[in-house]
Amino acid sequence: MTSSLSTDLIRLLSDQHPKPSNIHFQYGTAGFRTLGSTLDSVLFRVGIIAALRSKKLDGRTIGVMVTASHNPEEDNGVKLVDPRGEMLEAAWEGHSTTISNAPTTDALIEALESLVQTAKIDLSKPANVVYARDTRPSGPALVSALADGFKAMNATARNAGVVTTPILHYFVKCVNTKGTKYSYGDDSEEGYYQKLTTSYKKLVAGKAAQPALVVDCANGVGALAGKQLSEHLGDTLQLVLENTSITKPGALNNACGADYVKVSQKLPPSLVNVLKPGQRACSLDGDADRLIYFYLDDRGAFHMLDGDKIAALVAAFIIELVKVAGLDDQIKVGVVQTAYANGASTKYLQERLPVKCVPTGVKHLHHAAERYNVGVYFEANGHGTVLFSQPTLDTLAEYQPSTPAQSRAVEHLVSLTELINQTVGDALSDMLLVEVVLSHKSYSGEEWNSLYVDLPNRLAKVSVPDRNAFKTEDAERRLVSPPGLQARIDELVNRYQGGRSFVRPSGTEDVVRVYAEAALRTQADELAMRVAGLVYDEAGGDPSSRPKEFL
Ligand code: 16G
Ligand code: MG
């Protein structure tokens, strides 16, 4: 092992992946994300950064996922996964941004040398990486640029192929815990499906089989994973996989998928002749880490069950099990939400358990959830999971139940810790979790939906010249900049019954997002449009995005 960078090799390879001069890249909420055709140099450099991160962490395996999730097919992106299967440490987001913007090969080498110095990276350590991609057409070329980055660092890199984002996170945690007492599972796709379906089957044993579930795979990688999952589930749960055209140009996330359903609050047109009244259905997003449920009622009206509804369903179920197990003194359950959580969900949850609001982005939710014994976190957009702390896992393992009912409840809790992906939100794992609860409760979609009634709400976005001019506080619920804008928003909000609205800069796109809710549908739409208008006027936005009207 050498203890300095192989600058000749880096130079040779970097010259094959020049940085486009007119683009500034940023490692945002979900890594780098923009048009796939502009990302070649970024992927090469991320390969190098992943290797350095691994060396910094004594050769522990780092994950790299090439995906742009729910975004359009022509977009792509890349993010790094830390050894426990979690999002990259914040300081390295900054390092990644700096390195991706070095204008030339010379500047790149200089930036890398400076990172090695400041982060005190011992270059004689090994570098281990596991990487994967989603089904986007730009994926193969980007993965080959990434592989050049690994080569430049002489890293040991394992190609995990085309898998969902949560499966890649699962692999990272499995590899790094292998052979320890915290072993998380077998680091193979088979291991993943076995782990999920074995625990699912335990949880629903003896329950009446649920009617078939329609799964909208967003024409993405979830179609491949859904098929495998379905085979492993056998008769225990019938999945009807829809929107599985992963090679059809332009199909990915187009008028389907979790983001389409959440934002438009509509049934994907492709399901119109598929979904029967009362039947349960769900949509995954393009990399299968978001999940939104929905159904049509007897009159054919569409009803959506989003991340907030999933959190309410799941939290209540876990609390009940903890209570039946006789562990309610020792195991406290809490919920983490963001400002996007429907006001009605927050009220419902707050009446039952501790609820915390944090800024958007999985890393914020995940870290806040880690502070509870059992932390349920879901974003309204359908991304979320449930974390069990290590002391809680130990409590469950050591507990001596004194009645058969207690013993069953503890077994179910243990199975839940296996079923639920502990690294990140996972649409397939969450889907099985929802199915477990519905089956235990004998709930239809309608009964689940009646836990509380959503306040009508609307999301909007405004393109502005500089989203960084928008700064927030109080978990993004209030703007501190541009000065004076929040007061004008407050003044508008006060005119609407049950009104609430906030404005925040996107962490993944060059836009400012607006959320509004109110007691009536028309009022929520109007409030969103008027707040978007305020933002537009303040920021001098792009005329083509001047808010006019909604759907
Ligand atoms: C990404 C985040 C998601 C967040 C969204 C916000 C992950 C895995 N996903 O999709 O948590 O809600 O970005 O996007 O980190 P925005 O900042 O553009 O609104
Ligand atoms: Mg996603």
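**A loop residue and its surroundings**

A: Ala 255 sits in the loop between strand E7 (239–242) and helix H9 (257–264); helices (H or I, at least four residues) and strands (E, at least two) are DSSP runs, numbered from the N terminus. Bear in mind that this is a predicted model, where local features need pLDDT of at least 70, side-chain atom pairs count only at pLDDT 80 or more, and totals for chains, interfaces and linings use all residues. As for bookkeeping, residues are numbered from 1 along each chain as its sequence is written, chains are lettered from A and ligands numbered from 1 in the order in which they are written, and side-chain values use heavy atoms, with hydrogens and water left out.

Ala 255 counts as partly exposed because its relative accessibility is 28% (buried is under 20% relative accessible area, exposed over 50%, partly exposed in between, with a 1.4 Å probe and protein chains only).

Glu 476 also has a positive phi, near 70 degrees, and is likewise not a glycine. Glu 476 is in the loop between strand E16 (471–473) and E17, and counts as buried because its relative accessibility is 11%. A cis peptide bond, omega about 0 degrees, links Ser 481 to Pro 482.

One more loop residue is Gln 210, between helix H7 (189–204) and strand E6 (213–216). Gln 210 counts as buried, since its relative accessibility is 18%. Leaving out residues up to four places away in sequence, Gln 210 touches Leu 237, Arg 280, Glu 435, Leu 438 and Ser 439 (contact means heavy atoms within 4.5 Å).

Now for the ligand. Ligand 1 has 18 residues around it, of which Glu 379, Ser 506, Gly 507, Thr 508 and Arg 513 come nearest (a residue is near if one of its heavy atoms lies within 4 Å). A polar side-chain atom of Glu 379 is 2.4 Å from a ligand 1 oxygen, while the side chain of Thr 508 puts an N or O atom 2.5 Å from an oxygen of ligand 1. The protein covers 94% of the 450 Å² of accessible area that ligand 1 has on its own (Shrake-Rupley, 1.4 Å probe).

How values were computed:
Polar contact = N/O pair within 3.5 Å; in protein donor to acceptor, adjacent residues only side chain to side chain.
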